Amino acid sequence: MHSKPSLLGAMLIASLSVTGCAAVASKTNTLTDERILSETGGVLGLSPSELTLVERRTEGVNTYVTLKAKNGKTYACTVNGGNLFSFGMTNPPVCSAR
């Protein structure tokens, strides 16, 4: 009979720690616009000066950006990392044309 409260308690603690980690990751994000343009430009084969950051949003460990290139193309990119948990390091951005 005591296993149900223990299981519920463990599930509550686990969900709070996941939520807490995501909040810490978002609040400790150190990615500058310049760094985002540099890293995404490398993946897209464009120089940072050819890109404009249109929109940016950070959720947990991911930063989602919309970029517009001088050639008129628009890209949606995800940059993973750049926070306390990754020691500021990032994985290569994942980008797709819109």
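**A helix and its links**

A: Start with Arg35 and Glu39: both sit in helix H2, four residues apart, or about one turn of the helix. Helices (H or I, at least four residues) and strands (E, at least two) are DSSP runs, numbered from the N terminus. This is a predicted model, in which local features need pLDDT of at least 70 and side-chain atom pairs count only at pLDDT 80 or more, while totals for chains, interfaces and linings use all residues. Residues are numbered from 1 along each chain as its sequence is written, and side-chain values use heavy atoms, with hydrogens and water left out.

Arg35 and Glu39 join their side chains in a salt bridge, 2.8 Å from N to O. The term means a side-chain nitrogen of Lys or Arg within 4 Å of a carboxyl oxygen of Asp or Glu. Side chains of opposite charge can pair when their charged atoms come close. Arg35 is partly exposed at 27% relative accessibility. Glu39 is also partly exposed, at 21%. On this scale, buried means under 20% relative accessible area, exposed means over 50%, and partly exposed lies in between (1.4 Å probe, protein chains only).

Three salt bridges turn up in a search of the whole structure. Another one links Asp33 to Arg56, with the closest N and O atoms 2.7 Å apart. Arg56 belongs to strand E1 (residues 51–59) and Asp33 to helix H2, so this pair ties together parts that are 23 residues apart in sequence. Asp33 is partly exposed at 35%. Arg56 is partly exposed at 31%. A further bridge pairs Glu59 with Arg57, again with the closest N and O atoms 2.7 Å apart. Glu59 is partly exposed at 43%, and Arg57 is partly exposed at 40%.

Now turn to Thr40. Thr40 also lies in helix H2, which spans residues 33–44. Thr40 is buried, with a relative accessible area of 0%. Its side chain reaches the backbone oxygen of Leu37 at 3.4 Å. That is a polar contact: a pair of N or O atoms within 3.5 Å; within protein, one must be able to donate a hydrogen and the other to accept it, and residues adjacent in sequence count only if both atoms are side-chain atoms. Leaving aside neighbours within four places in sequence, Thr40 is in contact with Leu51, Leu67, Cys77, Val79, Pro93 and Cys95. Contact here means heavy atoms within 4.5 Å.

Two of those partners, Cys77 and Cys95, form a disulfide, with their sulfur atoms 2.1 Å apart. A disulfide is a pair of cysteine sulfur atoms within 2.5 Å. Cys77 lies in strand E3 (residues 74–80) and Cys95 in strand E4 (residues 94–97), so the pair ties together parts 18 residues apart in sequence. The torsion about the S-S bond of Cys77 and Cys95 is about 115 degrees, so the disulfide is right-handed. A search of the whole structure finds one disulfide. Cys77 is buried at 2% relative accessible area. Cys95 is partly exposed at 22%.

The loop between E3 and E4 holds Phe87. Phe87 has a positive phi of about 55 degrees although it is not a glycine. Phe87 is exposed, with a relative accessible area of 72%.
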